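Let's take a walk through this one together, a piece at a time. Have the sequence and the 3D view open side by side as you read.

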Amino acid sequence: MKKVLFVMAPVVLVAASYAQDIKIGGIGPVTGEAATFGISTKNGMTMAVDEWNAKGGIFGGRKAKLIFEDDKGDPSEGAIVWNKLIQQDNVVAIVGTVMSKVSLVGAPISQAAGIPMISPTSTNEKVTLVGDYIFRACFIDPFQGTVGANFAFNDLKARSAAAIFDLGNDYTKGLAENFKKQFEKLGGKVVAFEGHPTGTTDFKAQLTKILQGKPDVIYIPDYYNDVGLIAKQARELGFKGPLVGGDGWDSPELVKIGGTAVENGFFTNHYSSEDKRAIVQAFVKKYKAKFGAEPDALAALGYDAMYIMLDAIKRAGSTKGAAIRDALKATDINVVSGRIKFDENRNPIKSAVIIEIKNGKQVYRTTVNP
Amino acid sequence: MNVRKLPRFLIAVVLFYIVVEVLYRTEILNGYLLHIINLSLIYVILATSLNLINGITGQFSLGHMGFAGVGAYVSGSLTTLILKLSVTNPASMLPFLLSIIAGGVVAAFVGFLIGFPSLRLKGDYLAIVTLGFGEIIRTIFNNIDAVGGPRGLLGIPKFSNFTVILVAAFLTVVIIRNLIESSHGRAMLSIRENELAAELVCVNTTRYKVMASTFGAFFAGIAGGLLAHLIQLAHPTQFGFIKSVEVLIMIYAGGVGSLTGSILAAFGLTFLSEGLRLGIRALADATGLPIGGEWRMVVYALLLIFIMLFRNEGLMGMRESRIIKNVEVD
C-alpha cells in the first residue's frame, strides 16, 4: 500500500493547484515509432490552447490547461493514459490520439466516463462508431481512397491503375481497397492489386507484376519511407506514369528518400501550407515563429482538433460532458484544414487537398470537396 | 506438504483484496490506480510463467508474448465473435471464464508443439527460435481478416475486473510454486543447473522441458486473455518481440528463479513507469524546466541499468519470500 500512497501524494498537490482552469487532456505518441507525428500534434495542440488563453480564456475568464500524456503508440499504454486523465486529473475533455489502434482503446473509456473525445488523426472508421461522445477532426480512410481514385480518373485521365500496399498495416490496406472500389466504379480497370509484408525494402517482385499490367497510374497509399523506396524501384523498372498516394506521404523525408523518383507524384492531404486562405497563412506563420519548422498536416490537425474542442466548450458554457458533446455535434467552424461540420457518425464533412511533388517541393494542386 | 504453512500466501492475497476493495469503494483509490494494479497483476502472471521457463528450467524464451497473443485472440474471438457476450448480462461471466481457460489451453498446446523442435537447441539458439516463433504468431494474426487483421480484434467486452484478475494471478503463483516444489520442479531445476548431470541421474529432460514450456504457455495465454478483456482490444503489435522483452526485463530485475522477485518486479516496474510520469510532471511544474513526458522512458531505462549494475542477480536473487514458500528447503 505504500506504493499507492507514494503515487497519490504528488497527485493531490498537482490537482489542487489548477482548480480554476478548465483541464483538457491531450494524448499523442511523443516517443516510439510514431514520435514525429506525436510531436507535431502536441505542438499544434499547445498552440491552440495558448491562442485561446491569450484571447482571455474559454468562457467566464476561465483558461484552458492542457495536460498532455504520451501513449507511445501502444494500445496498452493508451488504456493507462486515458484512465489517468479521466480518473486522476479529472479532465473535462480529451483531444487524442494519433494512431487508430490507440484511439480504439481510449474511445470506450471516454464513452463510458462521458468525457467527450476528439481524435485529430485517427482515420479508422470504427473509432467514432464506439459512441456518441467520440469525434474526429480528420477524414476517414474510405474518403481518402475515394478522392485518390477520383483524382486519378478525372484529373490524370488514367483508365487503368495498380495499387501496392502494406499487408500488415490497416491504414494502407484500407486506402488501397477504397481506391480500387471507387476506380472500378468510375469505369477504370485495376490491373494489379499487390500487398507486401511489413518491413519489405525490395519491392521489385510486386512491381514487376504490376508493370506487366501496364497501368496508367500506380496508387501507393503508404508512409513516406516505403513510398520513397517503392517510387525509386518503380522508376528503375521503367515506369514513367504518375504515382498517387495518401497523407502518409506528407513528410520532408519523402523527397530525401525518393529523390527524383517521386516527381510526377500526387497525394491527398488534409491541408497545404500553400493554401492562400488567411487562417492557413496565419497558422503557418505563427507555427514557424514558435517551433522553427514548417507545420505538417499532423500539426494542423492537432491544432484544429484542439480548436474545435475549445470552441465547443465555449459554446456549451459548461464543463459537463453531455453539454460539450451536444455543442460538438453542432460545430460549424472554419479551421486550418477547412470548414468543419460533423455528420451523424461524428466524422467531419470537409474537403481534401491534392498536393503535387514538383522539383522536390510540395506544390498545392487543387482542393477536392466531398 | 506442510499444511500449517499453506494459507500464509492466501491470507496475504485476501488482505490485499480487502484493502484495495475498501480503498476503491471509498474513492481513495481511483480507477486509474486500480487499472495500474490490474495491469501489474497481469504482468505477475506473465512474469511468473516466464520464470518457470527461463528461471526454473533454465531455457531462454524470447517469445512469451506470442503465447499471450494466442490466449488473447482465442478468448477474444470466443467472447466477441462467436458467443457475442455482453457485460450487462450476469450470466455471461461463466462463458467468459471458460473462454479465458480455452485461450490458455490453446496457448498451452502451441507451447507443447514449440517445445519439441526447441529440444535440440540451447541458449542463444533457443532464444532465436522462440523469437522467430513469437513473430510468426504476430504475423499470423496480422493476416487473418476474420479477427481484424492489422486493425486488431475490436469491441471486446470489458469482463476483466480486479477480482477475476487477482484470483487468476493468485492461482498462477500457487500452481507454479507447487510445481516448483514438487519432484517435477526439482527435475526442472536440475536441468537448469546441469542438463548433462540431470540426464545421467535419469531425469527425463525432454519431458520436463516440454512440460515447462506447456505450463508457461498456458498461463501466458490466460494473461493474454485477461489483458484483451481489460483494454478491450487485441492487436498484433501488443504481442511482438518488444513486449516479450518487457516481461523478460521483469524477471531479470526481480531475480531469475524467484517467484517473489517476479511479483515484486511486475508491480515495481509497472508502478515505477507511472510514478515517473507523475514525478516528471511535478518536477517540470515545480522548476519550470522544459522536460516533458518523453523523458520518462530515459529515466526508466537508467534505473534499470543501475539495478543491473549494482544488483546483477536482481532484487531477490534466487531467494523466495517466506510468504510464498510452501515448504522450507535448505
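Angles between axes run from 0 to 180 degrees between N-to-C directions. Keep in mind, too, that this is a predicted model.

With that settled, find helix α3 of chain A, residues 75–88. Helix α3 lies across β1, β2 and β3 (93–95) of chain A, and it runs at about 155° to β2(A).

Those strands belong to an open sheet of five strands in chain A, in the order β2-β1-β3-β4-β5, with parallel pairing. β2 (64–70) and β5 (134–136) of chain A sit at the edges with a single partner strand each, so one side of each has no neighbour in the sheet. From one strand to the next, the twist averages 25°. Zoom in on β1 of chain A, residues 22–28, and you'll find seven bridges joining β1 to β2(A), the two running parallel. One pair to pick out is I27(A), whose bridge partner in β2(A) is E69(A).

Is F135(A) buried or exposed? A residue is called buried if 20 or more other C-beta atoms lie within 10 Å of its own. F135(A) has 26 other C-beta atoms within 10 Å, so F135(A) is buried. Leaving aside neighbours within four places in sequence, the contacts of F135(A) are M117(A), I118(A), T128(A), L328(A), F342(A) and R346(A). Take F342(A): it is 207 residues from F135(A) along the chain, yet their C-alpha atoms are separated by 8.2 Å.

Next stop, strand β10 of chain A, residues 265–269, where five of the five residues are buried. Both faces are covered, with G265(A), F267(A) and N269(A) on one side and F266(A) and T268(A) on the other. The chain gets there from β9(A) by way of helix α10 (residues 253–258) of chain A, in a right-handed β-α-β crossover. β9 of chain A (residues 243–245) runs parallel to β10(A), joined by three bridges, and G245(A) stands opposite F267(A). With β14 of chain A (residues 352–358), β10(A) pairs in the antiparallel sense over five bridges; here T268(A) has I354(A) as its bridge partner.

Helix α11 of chain A (residues 278–291) has 14 residues and spans 20 Å from first C-alpha to last, close to the 20 Å expected at 1.5 Å a residue. Which of the residues of α11(A) are buried? They are V280(A), F283(A), V284(A) and Y287(A). Seen down the axis of α11(A), these buried residues fall within an arc of 100°, so they line one face of the helix. Their cover includes α2 (35–54) and α12 (297–316) of chain A. On the face turned away from the buried side, α11(A) carries the exposed residues A278(A), A282(A), K285(A) and A289(A). Just after α11(A), G292(A) takes a positive phi of about 65°.

Finally, step back to see where the chains meet: the contact takes 32 residues from chain A and 33 residues from chain B. On the chain B side, α2 (31–56), α5 (123–143) and α11 (259–287) are the elements giving two or more residues. The largest share of that side, eight residues, comes from α11(B).

Key:
Residues are numbered from 1 along each chain as its sequence is written. Chains are lettered from A and ligands numbered from 1 in the order in which they are written. This is a predicted model: local features need pLDDT of at least 70, side-chain atom pairs count only at pLDDT 80 or more; totals for chains, interfaces and linings use all residues. Two strands pair if DSSP finds at least two bridges between them. Helices (H or I, at least four residues) and strands (E, at least two) are DSSP runs, numbered from the N terminus. Two residues are in contact if their C-beta atoms, placed from the backbone, lie within 7 Å. The expected span of a helix is 1.5 Å times one less than its number of residues. A residue is buried if 20 or more other C-beta atoms lie within 10 Å of its own, exposed if 12 or fewer, and partly exposed in between; C-beta atoms are placed from the backbone. The arc is that of the directions from the helix axis to the C-beta atoms. A crossover is right-handed if, with the strands pointing away from the viewer, the path from the first strand over the helix to the second runs clockwise.
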